[in-house]
Amino acid sequence: MLTILKNAYLESSRKFHRIILAILAASVVFSYLFDEGTDLKTMIFYLVLVIGCFAFDLFYNRYSQRAEYYSGIYVYKVFIYLGGLIGGCFLGVLPIPVLAMFIIYAILMICESVLLNDVYDIMLTYRDYFFLTTMLALAMILPFRGMFDKAIAILILLAGVFLFMVVHLLRQITIQSMMYMDRQYTNIFFKNLDVEEENSGLVEMQNRLEEVNETINYQRVQLNDALSDLKKRSAETHALIEVTSHFTSTFDLVESLEFMIQKLVDLKDANICCFLIDKNVCLNEEIIFESYTDKNYGRERLKKETVQIFEEFKKSGSRDPLVICDNYDQYLPYFERRGCCITALPAYEQDTLYGVMVIAGERYDFFYGGYDFYKTTIGDFTTAMIKDRLYLTTEDMAKKDGLTKIYNRIYFNQVYPDMLKEAQENGGTISVLMLDIDHFKNVNDTYGHLAGDEAIRSVARSDWEVAKKHGGMAVRFGGEEFLLILQNTPLEKAREIAAELHEKIRTTTIYFEDYEININTSLGVANYPTTVQDPQLTLDRSDKAMYYGKTHGRGRIIVDTVDNVD
């Protein structure tokens, strides 16, 4: 910074000196032109002196802009200039005004060397000042030497001493001023250092405060995220508790599935939620599929693609979620059109895959936080399913015959009165088909009781298949007797179903060991209110019709009040 200031001052000083030198040259020329006592030689001499000083400044200004090049050189210029003035006194006399300007310029340069020695990097001794002031005194008095005669030497000495004292005074003033300024500068410098240090401390403190604020803001964001996650986890936990509580309150698997799906949709704001359970998992003969969609999406299309996903899990054996929206082949286009976040999660019972859940959402952060909640929900549902299966299995064992696995007589006696009551109250119909295996004793006697058991199972299987086809109920009524109960089925339709069942049993070959066994049945049909007006007599009338067939040729279908005589 100081170097910049010094260079700036020197540049302005050079311009100032050039102006002064130009004025001095002009005054010499004018004094000659206007015949002010200046002869040609004197004019040329002083012009050379001025031009020499100008060239001196110009040369060093061109080849160096640095202040250190002026160290000592400026004093040489002053000595040369004063020597020139002294020489000019012997050559010729200038007019007093012009001479005064030359003397003033010399005084100016001496004062600059004294006052601005720091700027010019000049270190002058008292000897240097003495020579300068003596030469200045000579330059001032010699032009008037004719007026003083022999006292000239004393005047020069006195003038030199006087000038030396003036210069000394200026130097002392300068030194004291510089010392004062230096002290002030030192005080200011150290104050600035203190201020800078304090400012540095304040800046550091500010930086620390900013870091603390950033940390606090970051922690605030983390806290907000943690609170948000806590609220989410709390809601998820509450939902899991509700779902688990509902699971424990019912043994209806489909109802539990629907409740779980609705809870997931409400909690997660899902667009699609499907759950598929494979057949024969929980005494279900067909696939169980429940779903929710927020728009009118096709249930069968959803089911078809969910089955496809289930088969893929079965093939891969993976337990990890399948992110469907990452599949750019779009092999499940129906799902992939429904949202940007679609994931399928497998449902396992130990090492057995029994189902799959597909859930989708339109938000890009729908699965933010992972899949743990969904896995836990599936795990809870699996536990509930096992519980339901155990209950249903126990109930099924109580309802069904141990040998044939169709409904037993005890369960029939529980539900049959309600069927009759419903038909009577609602104006419906009920058809009872009773059948008995013809010559069953011969089967036991010829092939053994195990073959007889196989024959009973075969008839029961045919009875169950026909009942399932027509929405009826297959029952082992006792021994080799079976029932097929058809609700809301008119007599003619019941007769056709009876013929179908009779033919199915007759044409079914029973393979036992190395034997092929064919059997036939006698079948009686009764219908309320067509053949029986009292619903309580329907079972008895079908029994009588069946017995009539057995006593009149066997292997026949007898319809009550139509094909037999009481």
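Analyst: Contact here means heavy atoms within 4.5 Å. Helices (H or I, at least four residues) are DSSP runs, numbered from the N terminus. This is a predicted model, in which local features need pLDDT of at least 70, side-chain atom pairs count only at pLDDT 80 or more, and totals for chains, interfaces and linings use all residues. Residues are numbered from 1 along each chain as its sequence is written, and side-chain values use heavy atoms, with hydrogens and water left out.

The pair is helix 9 (residues 253-268) and helix 12 (residues 372-399), whose axes come within 11 Å and cross at roughly 165 degrees. Axes are lines fitted to C-alpha atoms, for helices over the stretch in contact, and angles run from 0 to 180 degrees between N-to-C directions. Helix 9 and helix 12 are therefore roughly antiparallel to each other, a term for angles over 145 degrees. Their crossing is right-handed: the near helix is turned clockwise from the far one by less than a right angle.

On the helix 9 side, the residues in contact are Leu 253, Ser 256, Leu 257, Met 260, Leu 264, Leu 267 and Lys 268. Helix 12 meets them with Phe 373, Tyr 374, Thr 377, Phe 381, Met 385 and Asp 388. By class, this contact has nine nonpolar, two polar and two charged residues. Ala, Val, Leu, Ile, Met, Phe, Trp, Tyr, Cys and Pro count as nonpolar, Asp, Glu, Lys and Arg as charged, and the others, Gly among them, as polar.

Elsewhere, helix 16 (residues 491-507) lies across strand 6, strand 8, strand 11 (521-528) and strand 12, running at about 165 degrees to strand 11; strands are DSSP runs of E, at least two residues.

Note on methods. Parallel < 35°, antiparallel > 145°, perpendicular 65-115°, else oblique.
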